[in-house]
Amino acid sequence: MRTNMSNLDPTFKVIDDHYRRIDHLEGAPHIKPPVEATPEGLEKELLVKANLLTEGIRFDESALEGLCSVYKEQSRWLFDWNMGEHRYYLPEELLLPMDTTCQVRENRNSDWLGTVEDGVLMIKKNGKFVIEARHVPRPEYYSKEASEGIIMRRIAPKRGQDCLVINYAPFCMYWMNNKGCSFCNIVPNMKWTKDDLQVSRRSFEQIKNTAKAAFEEGCVRHILLTGGYIKKAEKDGKMVDLEDEMILSVIQALQEGIGREDIPVNVIRTVPKDKDLKSLEKYKKLGAYSVCFNLEVWDPLLFSKYCSGKDSEQGRDQWLRGLEAAREIYGPGKVSTHFVTGFMEPEESLLEGVEWCSERGIGVIPLVWSPVRGTQYEHFRPPVAEWFVEMAKKIADIRLKHGVDAFNPAGLPNDDHLCGMPTLIADELYLRKIKRERQL
Ligand code: SF4
């Protein structure tokens with residue numbers, strides 16, 4: 001049985017029960033319960049996670065055994081975060097002993113290695129043992145058919161330990177004018193991830209069946225719905241917001257699959273273009289539990305340079321207005337934005353953006369930038385791991401000063417340390433919570 005889980009949040013019970021059924025699964029020695037979290041242990045795990053995200057990790061065959069059968073494999077649900085080309089199935093995440101959930105970014109030149117020795121899955125650096133690791137169990141629903149010949153993993157995979165992810169569009173129309181965000185590989189990765197990639201045109205029935213199976217299995221407890229930008233287009237003689245239409249139809253399919261209207265879904269999308277932002281109310285009414293509009297970069301000049309599609313289509317002012325309006329409509333803990341940290345933005349301006357958002361009750365999620373294949377920064381290096389750890393501390397300080405702590409994962413999924421997003425803020429906020437509990 002997992003430790004600490006039910007104390008954190010009553011909604012963890014679903015996952016707790018799920019793990020109780022599968023802990024020590026026969027034939028899957030690397031599925032284990034976590035050990036009790038301590039501040040010292042979590043600090044070490046946070047630094048290891050920062051290293052794995054910045055340096056990447058390579059694997060030998062022993063660490064890949066059991067993937068796609070008992071352990072969960074990577075699914076390209078939006079981006080490909082690996083460094084360099086990958087040729088075989090990799091784990092989507094590695095779990096550290098106290099439940100720190102690390103996204104896997106393969107780098108075949110990394111000093112960090114995932115291997116099994118004496119039956120123990122472990123992480124080594126330059127040949128020396130660093131820490132034990134665990135695999136995430138492969139959900140049973142992954143192999144079920146959403147429709148004839150299409151497995152459910154390709155409709156909506158599971159991210160981390162508890163999150164169902166679905167993308168309404170594995171394409172982004174900013175790229176049509178060569179204005180995709182500079183750090184993103186959503187479009188180029190479609191060429192090389194065909195088998196892993198999500199089915200691009202998913203039917204209502206496929207989504208409904210997959211959500212039903214995943215929630216009935218009890219292996220997820222919240223949903224992240226995201227995708228690239230979709231332009232308005234003419235339909236039956238009228239201009240229609242296709243992004244809106246797609247998102248709302250996916251929400252409806254999820255509602256039918258789960259069998260209720262109030263589903264725990266966070267919608268990450270581009271900021272709506274309507275000037276009065278009335279569409280935000282419609283969204284809420286039709287089932288979006290929480291929303292996230294990604295600014296990515298705070299400084300206006302850098303925003304226009306590195307997010308030129310967002311800047312020219314919606315504009316930064318609309319982005320800021322949208323975040324403020326959403327905070328009014330959705331309330332605390334239900335509005336967030338991501339910043340790509342370690343990319344091109346200086347610390348000072350990034351923290352200014354964190355302050356602006358936190359003052360307004362908007363949760364900032366700092367992503368750890370990776371120089372991914374398919375971008376012009378492919379051969380660049382991110383800052384060192386310690387820089388990202390320091391940034392997570394500074395951002396947590398600002399967020400907590402304004403009362404923007406970690407919330408219910410349905411509201412702010414990337415604050416959830418079980419969720420596996422490439423950010424350290426969830427882990428830092430969890431560490432602060434454990435310290436508070438111990439009055440440190
Ligand atoms: S909005 Fe930017 S980061 Fe998001 S998918 Fe489009 S290009 Fe990529």
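**Exercise 1: Helices H6 and H7**

In this predicted model, the axes of helix H6 (residues 204-217) and helix H7 (residues 242-258) come within 7 Å and cross at roughly 45°. Classify the crossing of H6 and H7, and state which residues meet.

Solution. Angles under 35 degrees count as roughly parallel, and those from 65 to 115 as roughly perpendicular. The crossing angle is roughly 45°, and therefore H6 is oblique to H7. On the H6 side, the contact is formed by Phe204, Ile207, Lys208, Asn209, Ala211, Lys212 and Phe215. Their partners in H7 are Ser249, Val250, Ala253, Leu254, Glu256, Gly257 and Ile258. By class, the residues of this contact between H6 and H7 comprise eight nonpolar, three polar and three charged.

**Exercise 2: Helices H12 and H13**

Determine how helix H12 (residues 347-359) is oriented against helix H13 (residues 385-401), given that they pack at an angle of about 25° with their axes 9 Å apart.

Solution. An angle under 35 degrees counts as roughly parallel, so H12 is roughly parallel to H13. The crossing of these two helices, H12 and H13, is right-handed. Next, the contact: Leu351, Val354, Glu355 and Ser358 in H12 meet Lys394, Ile395, Ile398 and Arg399 in H13. Sorted by class, the contact of H12 with H13 holds four nonpolar residues, one polar and three charged.

**Exercise 3: Helices H3 and H14**

Classify the pair formed by helix H3 (residues 39-55) and helix H14 (residues 425-437), whose axes come within 10 Å and cross at roughly 170°.

Solution. Angles over 145 degrees count as roughly antiparallel; therefore H3 is roughly antiparallel to H14. From H3, the contact includes Pro39, Leu42, Glu43, Leu46 and Lys49. These meet Asp427, Glu428, Tyr430, Leu431, Ile434 and Lys435 in H14. The contact of H3 with H14 has six nonpolar, no polar and five charged residues.

**Exercise 4: The ligand shell**

Which residues are around the ligand, and how do they divide by class?

Solution. The residues around the ligand are Cys172, Tyr174, Gly180, Cys181, Cys184, Ile186, Gly228 and Tyr229. This shell divides into six nonpolar and two polar residues, with no charged ones.

**Exercise 5: Confidence**

State the average pLDDT of the protein chain, and where the pLDDT is below 50.

Solution. The protein chain averages a pLDDT of 91, and 93% of the residues score at least 70. Over residues 1-9, however, the pLDDT is below 50. That stretch has 20 contacts in the model beyond near neighbours in sequence. Where pLDDT is low, the predicted coordinates should not be read in detail.

Technical notes
Residues are numbered from 1 along each chain as its sequence is written. This is a predicted model: local features need pLDDT of at least 70, side-chain atom pairs count only at pLDDT 80 or more; totals for chains, interfaces and linings use all residues. A residue is near a molecule or strand if its C-beta atom, placed from the backbone, lies within 6 Å of it. Ala, Val, Leu, Ile, Met, Phe, Trp, Tyr, Cys and Pro count as nonpolar, Asp, Glu, Lys and Arg as charged, and the others, Gly among them, as polar. pLDDT is the predictor's confidence in each residue, from 0 to 100. Two residues are in contact if their C-beta atoms, placed from the backbone, lie within 7 Å. Axes are lines fitted to C-alpha atoms, for helices over the stretch in contact, and angles run from 0 to 180 degrees between N-to-C directions. Helices (H or I, at least four residues) and strands (E, at least two) are DSSP runs, numbered from the N terminus. A crossing is left-handed if the near helix is turned anticlockwise from the far one by less than a right angle, and right-handed if clockwise.
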